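Here is a briefing for a first look at this structure. It goes topic by topic.

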Amino acid sequence: MKFKKLLFSIFLIYGANSFAQTKVTGSEVVQKYSLRACIDYAISNNVSLKQSQMAVESGIVQLSQSKVAKLPTVNGQFNLNGNAGRNVDPFTNGIVTNTIGTNNMGLGVSMPIFDGGRNKNTLERSQLNLEAAQMDVATQKNNVSLQVSVAYLNVLSAEDLIDVAQKQLDVTRLQYERTQKLVNAGSLPETNLFDLDAQTANDELSLINAQNSLESAILTLKQAMNAPAEMNLQVARIEIPDPNIVNYGENANTIYQTAVGYMPEIKAGEIRLKAADRNIAIAKSLGLPSISASTSWGTAFSSVAKTLTETGTTSNQIPVSATFEGQTIPFVINFPQTTYASDGIPYFKQLGTNQNLNLGISARIPIFNGYNQKYQSQAAKIQKMQVDLQNQSTKLQIKQNIDQAYITMLNAQKRYSATLAQTNALERSFKAAESRYNAGASNFVDYNLAKTNLDRAKSNLIVAKYDYVFRIKILDFYQNKPLEF
């Protein structure tokens, strides 16, 4: 996890002003975006975040599929066939030469009884994968929010630097007016005005550079929001008070112990580790027997099926003779013969008569499957080790980030304190140099040096102020504290 991911909540403190403001300039309405509005806009338009959300939708589908996998399967079949020429009567198995039409239909039900826990573990894995995907979405939202927040505060910082540059220019112009009066009165040489002209040009250039930096910062914010470059975007102004320099209450190790308890990246890794265990169990189930129960019903119709009805009995007499002791004795043998009439059997009567029902239980016992179970188990165990290593890497990165943030916070604290003291001292020095210059007791070089040093210190103070406050809020974020000034 990148360090900058963790900054995102730092800036949620600005979300109190969560609705965009509008400003009317003549006939043009300019919409001012709060930080919350910028983040919401970015979340709604970020493609990577939408991809993560699609992974959640896919996980929901997979979970639903896993839930119904243990339900019985029901299949119906309906066949309608026509045969011409020499065929076998499906009912009598006799050979017929006329056209036969047949119709078969049936219904089959199969239900798993025992599958080695495969369905159960698959269901649990799908649930875990869905939870991990949801954590990924939370992480992605952090990333998007972070990018927008950094860009948003860069705009605020650029505006502050413009304000400093404008004040520098105003001071120089005011000094020019004073010097003009003194030159007109003959108290100062005209060359002093030339020096102030050059200083005014330098201050105007500094102001233009600051304004250009603001335009670049606004463009960066638009890009972080996935907003069009031509969008008329202005940020709602947030005043950040000067920080109080106090010792931070927690040390780096305490902050780390708190951070690992709620960060979505770590939760996602822990969930995926559990899902890896389910993969191992699924692979092992391939070597276990499976038992299923089944039942089926069927019936059929044939166009050549006939019903026979007895129409009567006739007697056929056949004369025969036999020889007994050299004498021929004639007699008659009677052979009774029954006659039948055949009629086709109606369609629905055949369906009712030809029904059959089957019940069964089957067991599948793996004996040899090309070491499939062995290699899948090994692959699942390796995958778990990879997930575990990734989790360790994520935690290590977080620990390093916290250590770095803590040290940087201490350094920023020292730098802000030193810069604040420097600015106060240079402010007094400039006022003294300005008084001496106006009284003609010093030259422009001394005055300009004092002013330049003060201007630089004020700019550095703004940078140090934002830097120190940001570091404090980073550490607050790691502890899930309310981020308020």
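Thr-179 has its place in helix H3. Helices here are DSSP runs of H or I with at least four residues, strands are runs of E with at least two, and both are numbered from the N terminus. The model is predicted: local features need pLDDT of at least 70, side-chain atom pairs count only at pLDDT 80 or more, and totals for chains, interfaces and linings use all residues. Residues are numbered from 1 along each chain as its sequence is written, and side-chain values use heavy atoms, with hydrogens and water left out.

- Thr-179 counts as buried because its relative accessibility is 0%. Buried means under 20% relative accessible area, exposed means over 50%, and partly exposed lies in between (1.4 Å probe, protein chains only).
- Leaving out residues up to four places away in sequence, Thr-179 touches Leu-188, Asn-192, Leu-193, Leu-196 and Tyr-437. Contact means heavy atoms within 4.5 Å.
- Asn-192 is 13 residues from Thr-179 along the chain, and their C-alpha atoms are separated by 7.3 Å.

**Nonpolar cores**

- The largest nonpolar core has 42 residues. Such a core is a set of buried Ala, Val, Leu, Ile, Met, Phe, Trp, Tyr and Cys residues joined through side-chain atoms within 4.5 Å.
- Helices H1 (35-45), H2 (47-68), H3 (118-184), H4 (191-225) and H9 (444-478) each supply at least two residues of this core.
- H3 gives the largest share, 15 residues.
- Among the residues with the most contacts inside this core are Cys-38, Val-148, Tyr-152 and Leu-221.
- Leu-221 touches Cys-38, Val-148, Ala-151, Tyr-152, Val-155, Leu-233 and Val-235, not counting residues up to four places away in sequence.
- Another core, of 24 residues, lies apart from the largest one and includes Val-260, Met-263, Tyr-406 and Tyr-478.

**Aromatic rings**

- The whole structure holds six aromatic pairs. Rings of Phe, Tyr and Trp (its six-membered ring) pair if their centres lie within 6.5 Å; planes under 30 degrees apart are stacked, over 60 edge-to-face, and the rest tilted.
- Tyr-347 and Phe-348 make an edge-to-face pair, at 5.1 Å centre to centre with 85° between the planes.
- Tyr-347 is partly exposed because its relative accessibility is 28%. Phe-348, at 68%, is exposed.
- Phe-368 and Tyr-371 are also edge-to-face, at 5.4 Å centre to centre with 85° between the planes.
- Phe-368 is exposed, with 61% relative accessible area. Tyr-371, at 46%, counts as partly exposed.
- One aromatic cluster is made of Phe-301, Tyr-347 and Phe-348.
- Lys-374 lies over the face of Tyr-371, 5.6 Å from the ring centre. A charge sits over a ring if NZ of Lys or CZ of Arg is within 6 Å of the ring centre and within 35 degrees of the ring normal.

**Ser-285 in helix H6**

- Ser-285 lies in H6, residues 264-285. Ser-285 counts as buried because its relative accessibility is 0%.
- A polar atom of the Ser-285 side chain lies 2.5 Å from the backbone oxygen of Ile-282.
- Setting aside neighbours within four places in sequence, Ser-285 is in contact with Asp-115, Gly-116 and Arg-118.

**Paired strands**

- Strand S3 (residues 73-83) pairs with strand S6 (residues 100-114) in the antiparallel sense, over eleven bridges. Strands pair if DSSP finds at least two bridges between them.
- Leu-80 has Asn-103 in S6 as its bridge partner.
- S6 and strand S8 (residues 290-302) run antiparallel, joined by twelve bridges.
- Asn-104 has Ala-300 in S8 as its bridge partner.

Notes
Polar contact = N/O pair within 3.5 Å; in protein donor to acceptor, adjacent residues only side chain to side chain.
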